[in-house]
Amino acid sequence: MDRKITLPLTDEDARSLRAGDYVYLSGVIYTARDAAHKRMYEALENGESLPIEMQNNVVYYLGPTPARPGHVIGSAGPTTSSRMDKYAPKLLDLGLKGMVGKGKRTQEVIDAVVRNGAVYFAAVGGAGALLSKCIKKADVVAYDDLGTEAIRRLEIENLPVIVVIDSEGTNLYATAAEQWKK
Amino acid sequence: MRTVQVQTVTDTVREMCISVNHQLSSDMVCKLTEAVKIEESPLGKQILGQLVENMDIAKTEMIPICQDTGMAVIFIEIGQDVHFEGGNLEDAINEGVRRGYTDGYLRKSVVRDPIERENTKDNTPAVIHYSIVPGDGVKITLAPKGFGSENMSRVFMLKPAQGIEGVKEAVLTAVAEAGPNACPPMVVGVGVGGTFEKCAILAKKALTRNVQEHSSIPYVADLEKELLEKINSLGLGPGGLGGRMTALAVSVETYPTHIAGLPVAVNICCHVNRHIVREI
Ligand code: SF4
């Protein structure tokens with residue numbers, strides 16, 4: 001089913017999404033990838049607060065190319081999510097409602113998605129030029145020194161994503177390939 | 001003796017870095033365009049359509065095809081009658097990468113130390129493979145490699161008795177495990193023979209081949225076709241979300257090996273299989 005969803009992601013919207021739904025996301029999303037996750041994780045371990053609010057927010061696993069002059073951002077497609085698997089359950093337990101990336105997740109992440117009524121979306125990997133068109137504003141909000149890996153606040157319009165793992169734990173990667181196997 | 005200024009190498013590499021990250025080679029463009037027609041899954045077709053549109057936007061608006069503009073892998077063939085002047089060749093190549101990635105607004109994805117992980121901020125150093133060949137030419141092949149797919153690559157040290165069936169199994173295992181992480185449709189480079197490191201270099205080199213051509217060795221060409229068919233029966237499809245087009249091409253390179261061994265390397269690449277060649 002095609003859906004249009006505005007972020008932050010409400011509990012109700014998150015629970016209504018099903019694996020296989022094609023969704024256009026608009027609103028505010030935050031980028032974070034390897035180094036930013038590691039720092040956030042260490043901050044939590046040291047009892048410090050996070051630089052961004054997790055509650056009902058969605059994180060985009062993205063490290064863009066630099067913006068050309070006059071552009072909002074450079075190429076901006078998803079990176080492989082599995083490298084964030086170590087950190088994701090903790091962030092989900094803090095209220096994170098959605099993740100946008102590509103590729104498989106561990107059972108621990110799937111369990112945390114179910115436990116928190118969250119969603120894992122995939123964006124099309126390797127379509128960074130196309131996806132960058134959906135980003136209307138980009139500001140670094142934390143860890144500026146990490147360059148491409150800094151946390152950015154993005155304002156997006158109709159970013160196309162597909163629900164891969166829904167709040168009931170259905171995993172499209174597991175079911176879809178079976179269906180097309182010869 | 002022919003004299004080549006290293007500055008020419010720098011300028012060439014700079015231009016190659018920028019070009020290759022915005023425009024795929026025509027063989028790759030053909031394969032992707034064909035794939036849209038072949039794909040049976042509606043979602044798969046839609047994704048492939050987006051990839052074609054993405055290529056167009058990248059080229060016309062100069063936005064890199066993918067945000068992972070890769071680690072620069074360079075194969076340089078140097079004629080034995082060439083003499084370089086004006087500085088160190090390796091420094092000149094890295095200067096080309098530095099300028100290309102900086103001037104071209106490409107992502108700096110290289111860390112100086114694998115454990116300490118501080119970004120070098122200019123995407124250097126490149127991974128450079130040199131070979132000395134007859135003549136007085138210089139041929140540079142640049143293939144920036146994204147790590148979503150690189151991370152899913154494998155080396156298998158098979159026993160000779162496992163033979164060609166063992167090779168097929170190794171390739172299918174690596175592709176199946178890579179799945180959605182490697183941004184399918186993939187291009188699969190396979191190196192068979194040599195030693196532990198040689199087969200990996202062969203697999204990398206296989207990725208720089210024209211994807212519309214097969215090996216000139218008949219049994220290897222058959223192997224490439226059979227592997228592609230088997231991979232495209234796995235059902236992973238575009239984005240790993242189900243469908244036919246799991247891979248666009250399989251290229252296999254072989255080399256003599258030891259009586260006791262059968263090394264096989266599977267270098268997985270995504271549909272953003274970038275390669276460019278320039279001769280100086
Ligand atoms: S695997 Fe390829 S297409 Fe996917 S993010 Fe990496 S470079 Fe881009």
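A: Helix 7 of chain B gives the most to the lining of the second largest pocket, with six residues; helices (H or I, at least four residues) and strands (E, at least two) are DSSP runs, numbered from the N terminus. This is a predicted model, in which local features need pLDDT of at least 70 and side-chain atom pairs count only at pLDDT 80 or more, while totals for chains, interfaces and linings use all residues. Residues are numbered from 1 along each chain as its sequence is written, chains are lettered from A and ligands numbered from 1 in the order in which they are written, and side-chain values use heavy atoms, without hydrogens and water.

The pocket has a volume of about 340 Å³ (the space filled by probe spheres set on grid points joined across faces, edges and corners). A pocket is an open set of points on a 1 Å grid over the protein atoms alone, where a 1.4 Å probe fits, with protein on both sides within 12 Å along at least five of seven lines; lining residues have an atom within 4 Å of a point. Of the 19 lining residues, B:Glu150, B:Ala200, B:Ile201, B:Lys204 and B:Asn267 lie nearest the centre. In chain B, two or more lining residues come from each of strand 4 (127-133), helix 5 (147-150), strand 6 (154-158), helix 7 (196-206) and strand 9 (262-269).

Domain 1 (2-19 + 66-144) and domain 2 (147-273) of chain B each supply at least three residues to the lining, the bounds coming from an automatic or database domain assignment.

The loop between helix 7 and helix 8 (218-231) of chain B holds B:Glu213. This residue has 49% relative accessibility, so it counts as partly exposed (buried means under 20% relative accessible area, exposed over 50%, partly exposed in between, with a 1.4 Å probe and protein chains only). B:Ser251 is 38 residues from B:Glu213 along the chain, and their C-alpha atoms are separated by 8.6 Å.

Chain B also meets chain A: A:Ala176 touches B:Gly235, B:Leu241 and B:Gly242, not counting residues up to four places away in sequence (contact means heavy atoms within 4.5 Å). A:Ala176 belongs to helix 6 (residues 172-180) of chain A and is buried, with a relative accessible area of 3%.
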